[in-house]
Amino acid sequence: MLPQYERLVDIGTTEFGSDQAGTLRRSPYRVRFGKLAVVTVMLPVTGFLFCVVWSLLCNFEQANATHCLVYNFLPSLSAAIGNYQPQRFVWQFSVLFHAPFRYAIAFLYKNHHLTLLSRKHRKEWAYLACILNIIELSSLVGLSLWTSSNSYEIHKFCFSAFVICSIIYMYLVVVINRLTRSEELLTLAERKSRRFKRRLLVVNVASIVFAVYFFVRHNSHCEPGIYSLFALSEYVFVYSNIGFHMTAYWDFIDANVYFHWRTGIRFSSV
């Protein structure tokens, strides 16, 4: 169920235009939401992949070094994205460039969830989900700008906030969809979105559990390769999180994004 109209810039009727529908028709640029979502999501996907591969090729010894001085074959998330150049620049560019659209989608989802929850009298869940989504994204921006090598405490705080808020947000969205949407009334795209949300939530939680286990085991026993398994769990966590947010492609599959120099950016299902 799509919101019929989402306005990011409050313009109303001005001296420049008559009504909202007319403004949409006169918007010089229109992009399918799905295409923009794919481009947005590919930025952190390819950026993170580049950081890992480049670290393995050019900074293998340094990126895999730990206090245990044992062999490892994969760098941790923090080492891959923040300790070396050009990895740090590529990751920061990917995150900062995709962040504005992600913030816009957070408010789009807020209105979407408000519509779903209107009959359940639980509209506060929509606002809570939006706040969690914004904190999650802001924490991602923070941990990308303040790396573990130059601002460890800030990086650790942002990373913890990112993990906690992302898991709670994902769970809350799954609950909202389960309580408000009957399976037989969903479109094919909505069913696919709902199914992938549930699966990716399970993978996401499992990956962070494995990451904690391997991290504790590495620090306790200093076994070769265990820290790399911790890093691999981090990779799964990152990509399952990205995949969860990518389900917006199916939630708003018929939507368009309109750009106009006078009225700003608008989302619409027409």
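Mentor: Gladly; we will go from the whole chain down to single residues, keeping in mind that this is a predicted model.

Trainee: How many helices and strands are there in the chain?

Mentor: The chain has 10 helices and four strands. Along the sequence they follow the pattern β-α-β-α-α-α-α-α-α-α-α-α-β-β.

Trainee: And what share of the 270 residues is buried?

Mentor: A residue counts as buried when its relative accessible area is under 20%. In this chain, 51% of the 270 residues are buried. The accessible surface comes to about 13800 Å², and carbon and sulfur atoms account for 66% of that.

Trainee: Which contacts in the chain join residues at least 24 apart?

Mentor: I can give you the share. Taking contacts between residues at least 6 apart in sequence, 74% join residues at least 24 apart.

Trainee: Where does UniProt place the feature "transmembrane region"?

Mentor: The record, an unreviewed entry, places it at residues 36–57, 125–147, 159–179 and 200–216. You can then compare a record with the model. Residues 36–57 are 100% helix, with their end C-alpha atoms 32 Å apart. For residues 125–147 the span is 91% helix and 0% strand, and the end C-alpha atoms lie 33 Å apart.

Trainee: How many salt bridges are there?

Mentor: A salt bridge here needs a side-chain nitrogen of Lys or Arg within 4 Å of a carboxyl oxygen of Asp or Glu. By this rule the count is four. One of them joins the side chains of Arg102 and Glu136, at 3.9 Å from N to O. This pair links distant parts of the chain, as Arg102 is in helix α5 (residues 87–117) and Glu136 in helix α6, 34 residues apart. Arg102 is buried because its relative accessible area is 12%, and Glu136 is buried with a value of 0%.

Trainee: What about Asp251 and Lys197: how far apart are their closest N and O atoms?

Mentor: They are 2.6 Å apart, and the two residues form a salt bridge. Asp251 belongs to helix α10 (residues 248–251) and Lys197 to helix α8 (residues 188–221), so the pair ties together parts that are 54 residues apart in sequence. Both Asp251 and Lys197 are buried.

Trainee: Why are Glu153 and Lys156 separated by about one helical turn?

Mentor: Because they are three residues apart in helix α7 (residues 152–180). Glu153 and Lys156 form a salt bridge, with the closest N and O atoms 3.6 Å apart. At 52% relative accessibility Glu153 is exposed, while Lys156 is partly exposed at 37%.

Trainee: Now a single residue, please. Is Ser240 buried or exposed?

Mentor: Ser240 has a relative accessibility of 2%, so it counts as buried. Ser240 sits in helix α9 (residues 226–246), and its side chain reaches the backbone oxygen of Phe237 at 3.0 Å. Setting aside neighbours within four places in sequence, Ser240 touches Met170, Leu200, Val203, Asn204 and Ser207.

Trainee: Which residues form a nonpolar patch on the surface?

Mentor: They are Leu96, Leu145, Trp146 and Ile154, which together have about 340 Å² of accessible area. Take Leu145 as an example: this residue is in helix α6 (residues 123–145) and is partly exposed at 35% relative accessibility.

Trainee: What should I look at in the backbone?

Mentor: Start with the angles. A cis peptide bond joins Gln85 and Pro86, with omega about 5°. Pro86 lies in the loop between α4 and α5.

Trainee: And which phi does Leu69 have?

Mentor: Leu69 has a positive phi of about 60° although it is not a glycine. Leu69 is in the loop between α3 and α4 and is exposed, with a relative accessible area of 76%. Cys222, not a glycine either, has a positive phi of about 50°. Cys222 lies in the loop between α8 and α9, and its relative accessible area of 28% makes it partly exposed.

Technical notes. Residues numbered from 1 in each chain as written. Predicted model: local features only at pLDDT ≥ 70, side-chain atom pairs only at ≥ 80, totals over all residues. Heavy atoms only, no water. Helix = DSSP H or I, 4+ residues; strand = E, 2+ residues; numbered from the N terminus. Buried < 20%, exposed > 50% of the residue type's maximum accessible area, 1.4 Å probe, protein only. Polar contact = N/O pair within 3.5 Å; in protein donor to acceptor, adjacent residues only side chain to side chain. Contact = heavy atoms within 4.5 Å. UniProt positions renumbered as here; feature names shortened; annotations may be inferred. Patch = residues over 30% accessible without salt bridge, like charges linked within 9 Å, V, L, I, M, F, W, Y side chains within 5 Å. Areas by Shrake-Rupley, 256 points an atom, 1.4 Å probe, with all protein chains shown as cover.
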